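Q: Can you walk me through this one? I'd like to start with the charged pairs, then get to the sheet.

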Amino acid sequence: MKYEWAFDETKQIGIDYTDIKQVQSYDSSMQKLRDIKNENEGILKDINISKDHTIVEFGTGTGEFALEAAKYCSKVIAVDISKEMLRYAEMKAKSRNIKNIEFCNGGFLTYEHKAGNIDSIISQLALHHLTDFWKIIALKRIYSRS
Ligand SMILES: C[S@@+](CC[C@H](N)C(=O)[O-])C[C@H]1O[C@@H](n2cnc3c(N)ncnc32)[C@H](O)[C@@H]1O
């Protein structure tokens, strides 16, 4: 059910990540600006990743974390409200022959986990897309899975 007052997380705020040019430019600029390898290593260590784990990532973007995490766990569920981001990340997964990522169009407020345990939920540089009130709702939804 959709409520008038509810935050519509499918609406792009700021950069339009439904535009493939923005997606490509985001991906290449992040490769230059960030030490993604080091970031990923830190997160994987923090969540104590294991071969039998299922991980959910919110706001997966161009998939750099999901692609790395998939090497060390059973399944990554990569969630994003932008279908274009997901298509791009999926293309990268195919080109690297990574098959244990489920790409899911949804968001912090609308993703419904269907079946199976979740061992870790992670998100990087995505929660700021929500207003403060809806950030709390998102965190409560995440916490309710623990
Ligand atoms: C700045 S990018 C970060 C991507 C990636 N996590 C990274 O570290 O490079 C933010 C991503 O969050 C997604 N996003 C925005 N609002 C969202 C929401 N409510 N739920 C899930 N993803 C969302 C955007 O589509 C975009 O892919």
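Q: Which residue does Glu-102 form a salt bridge with?
A: Glu-102 pairs with Lys-75, and their closest N and O atoms are 3.0 Å apart. This is a predicted model.

Q: Where do the two sit in the chain?
A: Glu-102 is in strand β3 and Lys-75 in strand β2, 27 residues apart, so the pair links distant parts of the chain.

Q: How do β2 and β3 pair?
A: Strand β2, residues 75–80, pairs with β3 in the parallel sense over five bridges. Val-79 stands opposite Cys-104 in β3.

Q: And what is the strand order in the whole sheet?
A: The sheet is open and has four strands in the order β3-β2-β1-β4, with parallel pairing. At the edges are β3 (101–105) and β4 (120–123), each pairing on one side only. From one strand to the next, the twist averages 20°.

Q: Back to charges. How many salt bridges does the structure hold?
A: It holds 10. One of them joins Arg-87 and Glu-84, with the closest N and O atoms 2.9 Å apart.

Q: Why are Arg-87 and Glu-84 about one helical turn apart?
A: Because they are three residues apart in helix α4, residues 83–95. Glu-84 counts as buried, at 18% relative accessibility.

Q: Which residues are joined into one network?
A: Asp-27, Glu-64, Lys-92 and Arg-96, through salt bridges that share partners.

Methods. Residues are numbered from 1 along each chain as its sequence is written. This is a predicted model: local features need pLDDT of at least 70, side-chain atom pairs count only at pLDDT 80 or more; totals for chains, interfaces and linings use all residues. Side-chain values use heavy atoms; hydrogens and water are left out. Two strands pair if DSSP finds at least two bridges between them. Axes are lines fitted to C-alpha atoms, for helices over the stretch in contact, and angles run from 0 to 180 degrees between N-to-C directions. A salt bridge is a side-chain nitrogen of Lys or Arg within 4 Å of a carboxyl oxygen of Asp or Glu. Buried means under 20% relative accessible area, exposed over 50%, partly exposed in between (1.4 Å probe, protein chains only).
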